[in-house]
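I opened the model and kept notes as I went.

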Amino acid sequence: MNDFDPEPDPETRELQAPPVVFPGQAGPESAYRTAFDLLARRAPREALEVIEPALAEEPDNTGLRTLRAWAFLMRAQLQRAEAELVRLVEENPADDWMRHALGRCLERQSRYAEALPHLRLAATMSGDPEHDLAVLRVERRLAETGETSYDKLV
């Protein structure tokens, strides 16, 4: 390969997780930065390869556990995501991202009645229009499936 050959297409080349973001820094904060970057680039498998060893050293690290839940959601490992998110919400009930993620996880499992309270609370806490849309979507699904009527949702 010479200097004039084009680089491989970024969508077809496999992402490799760097062992350390900054030379000489190998703590959980480095793992967090690396995993976050990988998740932002839609590489959950590689992110988990970074997160799991860091969590083995620091199992109660909420930031890393949140990233692990995000990675599980991206990989459609919904039961694992749910288990992690339930624990995170129990530990920090005021975190709107965790609430919304748990609601979305339950929604993706077609467990609409369980998802709705989490989605409503996240929407109220955050004021995020995307969270409001999630509430409306789940309310509609509940009515369409006959689990409840539109009148009871108000």
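**Core.** I started with the largest nonpolar core, which has 37 residues. Ile-51, Leu-73 and Leu-85 touch the most other members. By nonpolar core I mean a set of buried Ala, Val, Leu, Ile, Met, Phe, Trp, Tyr and Cys residues joined through side-chain atoms within 4.5 Å. H3 gives the most, with seven residues. In soluble globular proteins, nonpolar side chains tend to be buried together.

**Ground rules.** This is a predicted model, so I note that local features need pLDDT of at least 70, side-chain atom pairs count only at pLDDT 80 or more, and totals for chains, interfaces and linings use all residues. Residues are numbered from 1 along each chain as its sequence is written, and side-chain values use heavy atoms, with hydrogens and water left out.

**Whole chain.** I found eight helices and zero strands in the protein chain. Both are DSSP runs numbered from the N terminus: helices are H or I with at least four residues, strands E with at least two. Buried residues make up 38% of the 154 residues. Buried means under 20% relative accessible area, exposed over 50%, and partly exposed in between (1.4 Å probe, protein chains only). The chain exposes about 9400 Å², and carbon and sulfur atoms supply 51% of that area. The areas come from the Shrake-Rupley method with a 1.4 Å probe; for residues, only the protein chains shown count as cover.

**H3.** I checked how covered H3 is: ten of its 13 residues are buried. Among them are Arg-65, Arg-68, Phe-72 and Leu-73. H3 reaches 18 Å from its first C-alpha to its last, close to the 18 Å expected at 1.5 Å a residue. The expected span is 1.5 Å times one less than the number of residues.

**Leu-73.** Leaving aside neighbours within four places in sequence, Leu-73 is in contact (heavy atoms within 4.5 Å) with Leu-78, Ala-81, Leu-85, Ala-101, Cys-105 and Arg-108.

The largest pocket has a volume of about 310 Å³. It is lined by 13 residues, of which Leu-73, Trp-97, His-100, Ala-101 and Arg-104 lie nearest its centre. H3, H5 and H7 give two or more residues to this lining. A pocket here is an open set of points on a 1 Å grid over the protein atoms alone, where a 1.4 Å probe fits, with protein on both sides within 12 Å along at least five of seven lines; lining residues have an atom within 4 Å of a point. Grid points are joined across faces, edges and corners, and the volume is the space filled by probe spheres set on the points.

**His-131.** I placed His-131 in H7 (residues 129-144). His-131 is buried, with a relative accessible area of 8%. Beyond its neighbours within four places in sequence, its contacts are Asp-96, His-100, Ala-122, Ala-123 and Ser-126.

**Backbone checks.** I looked up two loop residues. Ala-76 is in the loop between H3 and H4, and its phi is near 60 degrees, a positive value in a residue other than glycine. Ser-110 is in the loop between H5 and H6, with phi also positive and near 60 degrees. Ala-76 is partly exposed at 46% relative accessible area, and Ser-110 is partly exposed at 45%.
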